[in-house]
Amino acid sequence: MLPKLLIVETGSLDSTLAGFESFSQMFLSAADYSGCAPICLNAQKESLPSRPEQFAGALITGSPAMVTDREPWSETLAAWLLRALDCGVKVLGVCYGHQLLARAMGGVVDYHPCGLELGTHRIELNREAQQKGHPLLPPLPAVFSANLSHHQSVV
């Protein structure tokens, strides 16, 4: 039996990302997940699984929502993430998911100090990421470009 990967959508895609119906579809098309059994759910509309330990990993997507708004669905997801981490579940937070994970673990999220961060940015992996990679991502080059849009950030 393949290990289960939970992809948690935290919002809907902007209409400018033509070709994708959902964040889940975008992530599923971007990497090879043949080594696991992906299960997708929308945290704003669906209940989270009661047993996080049944998943080998969880990928938390981006969202047009703001972490600082502390919406009930987001607070529920933050608590679920802490339980998942306590169970040894590998977690990858992307954009909103990263911010929510950081806040759940005691970090501070606020509006980006330099205003809206938008466009294509150069990403450089740190040495550990280059050597180990991430269990929820395919191998990445040491330097690559990524499109992003952030009003908020982990500060």
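What share of the 155 residues of the protein counts as buried? The figure is 37%, where buried means under 20% relative accessible area, exposed means over 50%, and partly exposed covers what is in between (1.4 Å probe, protein chains only).

This is a predicted model, in which local features need pLDDT of at least 70 and side-chain atom pairs count only at pLDDT 80 or more, while totals for chains, interfaces and linings use all residues. Residues are numbered from 1 along each chain as its sequence is written, and side-chain values use heavy atoms, with hydrogens and water left out.

Start with the overall fold. The protein has four helices and eight strands. Helices (H or I, at least four residues) and strands (E, at least two) are DSSP runs, numbered from the N terminus. Read from that end, the elements run β-α-β-β-α-β-α-β-β-α-β-β. The radius of gyration is 15 Å, close to the 15 Å that the globule rule gives for 155 residues, so the protein is as compact as a globular protein of that length. That radius is taken over C-alpha atoms, and the rule is 2.2 Å times the number of residues to the power 0.38. Along the principal axes, the C-alpha atoms fill a box of roughly 45 × 35 × 35 Å.

Next, the contacts. A contact means heavy atoms within 4.5 Å. Take the contacts between residues at least 6 apart in sequence: 75% of them join residues at least 24 apart.

Now go inside, to helix α3. This helix spans residues 96-104. Eight of its nine residues are buried, so α3 is largely enclosed by the rest of the structure. The buried ones are Y96, G97, Q99, L100, L101, A102, R103 and A104. What covers them? The cover includes the strands β3 (57-60), β4 (90-93), β5 (109-111), β7 (143-150) and β8 (152-154). Helix α2 (72-86) is also part of the cover. Just after α3, G106 takes a positive phi of about 105 degrees.

One of the covering strands, β7, holds H150. H150 counts as buried because its relative accessibility is 14%. Leaving aside neighbours within four places in sequence, H150 is in contact with C95, Q99, G115, L116 and E117. Q99 is itself one of the buried residues of α3.

Move to helix α1, residues 23-30. Two of its residues are worth a look. S24 lies in this helix. At 3% relative accessibility, S24 counts as buried. S24 touches I7, E9 and C40, not counting residues up to four places away in sequence. F27 is also found in α1. Its relative accessibility is 14%, so F27 counts as buried. Beyond residues up to four places away, F27 touches Y33, L59, T61 and V94. T61 sits 34 residues from F27 along the chain, yet their C-alpha atoms are separated by 8.6 Å.

The accessible surface of the protein comes to about 9100 Å². Carbon and sulfur atoms account for 54% of that area. Accessible areas come from the Shrake-Rupley method with a 1.4 Å probe; for residues, only the protein chains shown count as cover.

What about charge? The protein has 10 positive and 14 negative charges, and their mean positions are 8 Å apart. Lys and Arg count as positive and Asp and Glu as negative; His and the chain ends are not counted. Each charge is placed at NZ of Lys, CZ of Arg, CG of Asp or CD of Glu.

How many salt bridges does the structure hold? There are five. A salt bridge is a side-chain nitrogen of Lys or Arg within 4 Å of a carboxyl oxygen of Asp or Glu. One of them pairs R51 with E53, with the closest N and O atoms 3.3 Å apart. R51 is partly exposed at 44% relative accessible area, and E53 is partly exposed at 42%. In another, E75 pairs with R70, and the closest N and O atoms are 4.0 Å apart. E75 is partly exposed at 28%, as is R70 at 46%.

R122 and E124 form a further bridge, with the closest N and O atoms 3.0 Å apart. R122 counts as exposed at 59% relative accessibility, and E124 counts as exposed at 55%. Elsewhere, salt bridges that share partners join R70, E75 and R103 into one network. R103 leads back to α3, where R103 is among the buried residues.
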